[in-house]
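Hi,

Here is the structure I promised to send over. Have a look at it first, and then read on for my notes.

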Amino acid sequence: MTALLSVEGLGISFGGLKAVNDVSFTVQPGEITSVIGPNGAGKTTLFNMISGVYQPGQGRVLLGGEDVTGMAPHLLARRGMSRTFQNLQIFQSMTVLENAIAGFHLSERGPVLADLFALPSSRRRAAEAQAGARDLLARVGLERAAEREAGNLSYGALKRLEIARALALSPRILLLDEPAAGCNAVETEEIDHLIAEVARSGVAILLVEHDMKMVMRISNHIVVLDHGEKIAEGDPAAVSRNPAVIAAYLGTEAANADG
Amino acid sequence: MKLTPKSATLLVLLVLILLSPVLFPSGYYYRVGALIFVNAIAVTGIVILTGYAGQISLGHAGFAGIGAYACALAPVHLGLHPSLALALGAIISGVIAFLVGRPILRLKGYYLGVATLGFGILVSMVLNNERQLTGGPDGMEVPDLGLRGLLKDAGLDLTNGQFWYWFCGLALILGAWLALNLYNSPTGRALRALHGSEVAARTVGIDVARLKLRAFVISAVYASVSGSLLALQNKFITPDVAGFMHSIEMVTMAVLGGVGSILGAIFGAAVLTLLPQVLTVFAEYEQLVLGLVMMLVMIFLPQGLLPSILRKIRGKGE
């Protein structure tokens, strides 16, 4: 099976400090690949390089065989990459429904003059996006909050809204940055089910998550980072037995000494 | 039947424009009304740029200047009918906004403010210094639109004030309709999204630079049309129309009334156009009182006049 996403020797430095160094792995369609590691291991930095927010210093990112290294996020979106954020990035003053519709931007956009004059073509595109958005909100259990202003939702609901918005792109690969962070047990389980269901539909999922139980439960493949380097990789059972991983998570003295 | 916010806004606007003349104590107020509408058109453009897309411009009077001088110059030098001169001014403003906007919309916040400010000053300086073409600071005459004469021939005899009241009122309704269409359209949604979070907007595929540019061009066309209408109704124009104070006035009207809503911004335009007329009773303290009113509104009603008032009314209703 050819990989949907290949990360090859990816690295970046901030002011001489190597935040991520020579990290390689692949992500397969329909599988959940998780990146784990202690705080400051470079997980989010890695995510930001893959999704075009940061320009990598070294290495390549291949999406479906195409070199997309450092490509702008909106161009990656057109190629089927979608993501959520560790710190929520919600369109606060828009309604929940509008947030979800915004995810359909690529399919609903059209000539600006058609939008200004509310031509039938513009209204049709908007109506289609709205129907799609309502379906997605139902899928993440937010259909009853559709008309509420997004800023008033609970944290867990906003996390699900972000996933709905990301799914609106019909992505080939979905990057989830700590989707369960700050959620209670019930919410975590809901998000859990949602991610597994999305993966079953054939979407490749790349996940950064702190909740180890969740990672072990749903991942097909795990990549472990520590101090910006990949220290282990494999299925959940193999990774949880790996001495280097255990040392990275439990050997706090060594980690603290390095700052 | 429940009205959509769009129809409700247009209905309120239509009723206000149609009924206000009943209250006018003299024909002079038709002129004040027309001036409100002209300002409101420019401010509607500011709502698209600032209220929807979250970008600031302190130089939009530059585009009003281009629109105004297009109506003064094109009929004389190109032999165009004044109405076509208005369209030409709008096209030139749009093209210049496109060229200027591409580099400066990369800037954010007050950097963008200062860059747009520079653009406005540039236009104002050109109009002041090209004496042979523009008459410099003394200004120049603008030819008659000719529409009032045509209406008179058709049996509809309006005073100059009445004609411009109804003509600019119609233009404002059209401008508001377009802006309201935009709000709930794919483009408007993308503008509001990038206002909320640029990074999230990018990840859903929104070409942020391109959309900001669209908002800038559209708002420039509004400012240009506003400048043209001002020139045509005054039949005389000076470089003040492109001046710094006029740019600030547009932003102030929008923010004071409520930059998030079309009706609010139009309300702001009305208040700030009327207030100086009312405050003449304060004679030399007029500017002082005006400044004070603006400060008090921003301190106590930071959402802008209209949204705050509406919230109060709704709050009491519940």
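Let me start with the record: UniProt, in an unreviewed entry, places the feature "transmembrane region" at residues 35–54, 61–78, 84–102, 109–127, 163–183, 254–275 and 287–306 of chain B. UniProt positions are given in the numbering used here, feature names are shortened, and annotations may be inferred rather than shown by experiment.

Before the rest, some housekeeping. This is a predicted model, where local features need pLDDT of at least 70 and side-chain atom pairs count only at pLDDT 80 or more, while totals for chains, interfaces and linings use all residues. Residues are numbered from 1 along each chain as its sequence is written, and chains are lettered from A and ligands numbered from 1 in the order in which they are written.

Residues 61–78 of chain B are 94% helix and 0% strand, with the end C-alpha atoms 24 Å apart. For residues 287–306 of chain B the figures are 80% helix, 0% strand and 23 Å between the end C-alpha atoms. Helices (H or I, at least four residues) and strands (E, at least two) are DSSP runs, numbered from the N terminus.

Next, where the chains meet. Chain B puts 22 residues in contact (C-beta atoms, placed from the backbone, within 7 Å) with 34 residues of chain A. On the side of chain B that touches chain A, the elements giving two or more residues are α8 (160–183), α9 (186–196) and α10 (198–203) of chain B. The largest share, 8 residues, comes from α9(B).

Chain A holds an open sheet of 6 strands in the order β6-β7-β8-β3-β9-β10, with mixed pairing; strands pair if DSSP finds at least two bridges between them. Its edge strands are β6 (81–83) and β10 (229–234) of chain A, each pairing on one side only. From one strand to the next, the twist averages 20 degrees. β6(A) runs parallel to β7 (residues 173–177) of chain A, joined by 3 bridges, and A:Arg83 stands opposite A:Leu175 in β7(A).

Two helices of chain A go with this sheet. Helix α1 (residues 43–50) of chain A lies across β3 (32–36), β7, β8 (204–208) and β9 (221–226) of chain A, at about 150 degrees to β7(A). Helix α11 (residues 243–250) of chain A packs on the sheet, touching β9 and β10 of chain A, and its direction makes about 125 degrees with that of β10(A). Axes are lines fitted to C-alpha atoms, for helices over the stretch in contact, and angles run from 0 to 180 degrees between N-to-C directions.

Which residues touch the most other members of the largest nonpolar core? They are A:Ile205 and B:Val43, in a core of 176 residues. Such a core is a set of buried Ala, Val, Leu, Ile, Met, Phe, Trp, Tyr and Cys residues joined through C-beta atoms within 7 Å. Not counting residues up to four places away in sequence, A:Ile205 touches residues including A:Ile32, A:Leu174 and A:Val198.

Finally, a backbone detail: A:Ala118, in the loop between α5 (112–116) and α6 (120–139) of chain A, has a positive phi near 50 degrees. A:Ala118 is partly exposed because 18 other C-beta atoms lie within 10 Å; buried would take 20 or more, exposed 12 or fewer, with C-beta atoms placed from the backbone.

Best wishes
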